[in-house]
Amino acid sequence: MNLAAYDAFFEAHRTGRKSAAKAAVRAFTASFASFEEKQAWVSGFLRTHDAETRIRHEIYEELVLPVLLKGYHASDAWSTQWLAITAPNLHEARHQWAQLDFISTYALLKRWYCLAPESAAARQALLEKLIDRFVYSEHEWPGVILCGMGGATLEQCHQHADAVVEARALDIDGAWTAFLDEFDDKLRVYQARLLNEADQ
């Protein structure tokens, strides 16, 4: 691999020289002699990568994603974790995301947790994803409980209820008990409203 090209990319990116950065990153991604070399570099890169920062798309699509996809298909927890963490990048790489049947971030987090049930980080990430879903779903309450862009159907309410059960099991220290109780109450009221409307 040509680490000098990576250094040149980093410097050009830092100083705002877009054309130079693009040329350097392309030279870097094309410089790997083998997949094993890519694996070694990606492993080191992700160990120091800020998970909140988007990865440059050429680096993600040419180096990071192929390595993570191989690990994911081999049921590797680390690869699955990083696919979930880099989901914003994954969603932009649609032709490669298609190789995972456009899997959701939630599904990736759930798979990570299933592969590493002892991981507190996996449990917490999955729980937080569910809580985010509930916060979104109730943000137009008392008007509706949302699912996607519209009001939830009865079937979708049952799916929410199942997700609440899942969240309670993940919330082992009870930090979200009060919130989950309140959401559950709203869900029951909304379900009753839907049933009443169906009977009229």
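Residues are numbered from 1 along each chain as its sequence is written. In this predicted model, local features need pLDDT of at least 70, and side-chain atom pairs count only at pLDDT 80 or more, while totals for chains, interfaces and linings use all residues; side-chain values use heavy atoms, with hydrogens and water left out.

Two packed helices are described by the angle between their axes and the distance between the axes. Axes are lines fitted to C-alpha atoms, for helices over the stretch in contact, and angles run from 0 to 180 degrees between N-to-C directions. Helices (H or I, at least four residues) and strands (E, at least two) are DSSP runs, numbered from the N terminus.

Helix H1 spans residues 3–14, and helix H2 spans residues 18–29. Their axes come within 8 Å and cross at roughly 155°. H1 is therefore roughly antiparallel to H2. Angles under 35 degrees count as roughly parallel, over 145 as roughly antiparallel, 65 to 115 as roughly perpendicular, and the rest as oblique. The crossing of H1 and H2 is left-handed. In a left-handed crossing the near helix is turned anticlockwise from the far one by less than a right angle; clockwise gives a right-handed one.

On the H1 side, the contact (heavy atoms within 4.5 Å) involves Leu3, Ala5, Tyr6, Ala8, Phe9, Ala12 and His13. They meet Ala20, Ala21, Ala24, Val25, Ala27 and Phe28 in H2. By class, the contact of H1 with H2 has 12 nonpolar residues, one polar and no charged. Here Ala, Val, Leu, Ile, Met, Phe, Trp, Tyr, Cys and Pro count as nonpolar, Asp, Glu, Lys and Arg as charged, and the others, Gly among them, as polar.

A second pair is formed by helix H8 (residues 105–115) and helix H9 (residues 120–137). These helices pack at an angle of about 150°, and their axes are 8 Å apart. H8 and H9 are therefore roughly antiparallel to each other. H8 passes H9 in a left-handed crossing. From H8, the contact takes in Thr105, Tyr106, Leu109, Lys110, Trp112 and Tyr113. From H9 come Ala121, Ala122, Arg123, Ala125, Leu126, Lys129, Leu130 and Arg133. The contact of H8 with H9 divides into nine nonpolar, one polar and four charged residues.

The whole structure holds eight salt bridges. A salt bridge is a side-chain nitrogen of Lys or Arg within 4 Å of a carboxyl oxygen of Asp or Glu. One of them joins the side chains of Glu92 and Arg54, at 2.6 Å from N to O. Glu92 lies in helix H6 (residues 87–92), and Arg54 in the loop between helix H3 (35–48) and helix H4 (57–73), so the pair ties together parts that are 38 residues apart in sequence. Glu92 is exposed, with a relative accessible area of 52%. Arg54 is partly exposed, at 45%. Buried means under 20% relative accessible area, exposed over 50%, and partly exposed in between (1.4 Å probe, protein chains only).

Arg168 takes part in a network of salt bridges with Asp181, Asp184 and Arg188. The closest N and O atoms of Arg168 and Asp181 are 2.9 Å apart. Arg168 lies in helix H10 (residues 154–170) and Asp181 in helix H11 (residues 177–199), so this pair ties together parts that are 13 residues apart in sequence. Arg168 also meets Asp184 in a salt bridge, at 3.6 Å from N to O. Asp184 lies in H11 too, so this link ties together parts that are 16 residues apart in sequence. Arg168 is partly exposed, with a relative accessible area of 31%. Asp181 is partly exposed at 34%, whereas Asp184 is buried at 14%.

Some backbone features fall in loops. The peptide bond from Trp141 to Pro142 is cis, with omega near 15°. Pro142 sits in the loop between H9 and strand S1 (146–147). Asp101 has a positive phi, near 55°, and is not a glycine. Asp101 belongs to the loop between helix H7 (94–97) and H8. Asp101 is exposed, at 68% relative accessible area. Phe102 likewise has a phi near 55°. Phe102 is found in the loop between H7 and H8, and is partly exposed at 39%.
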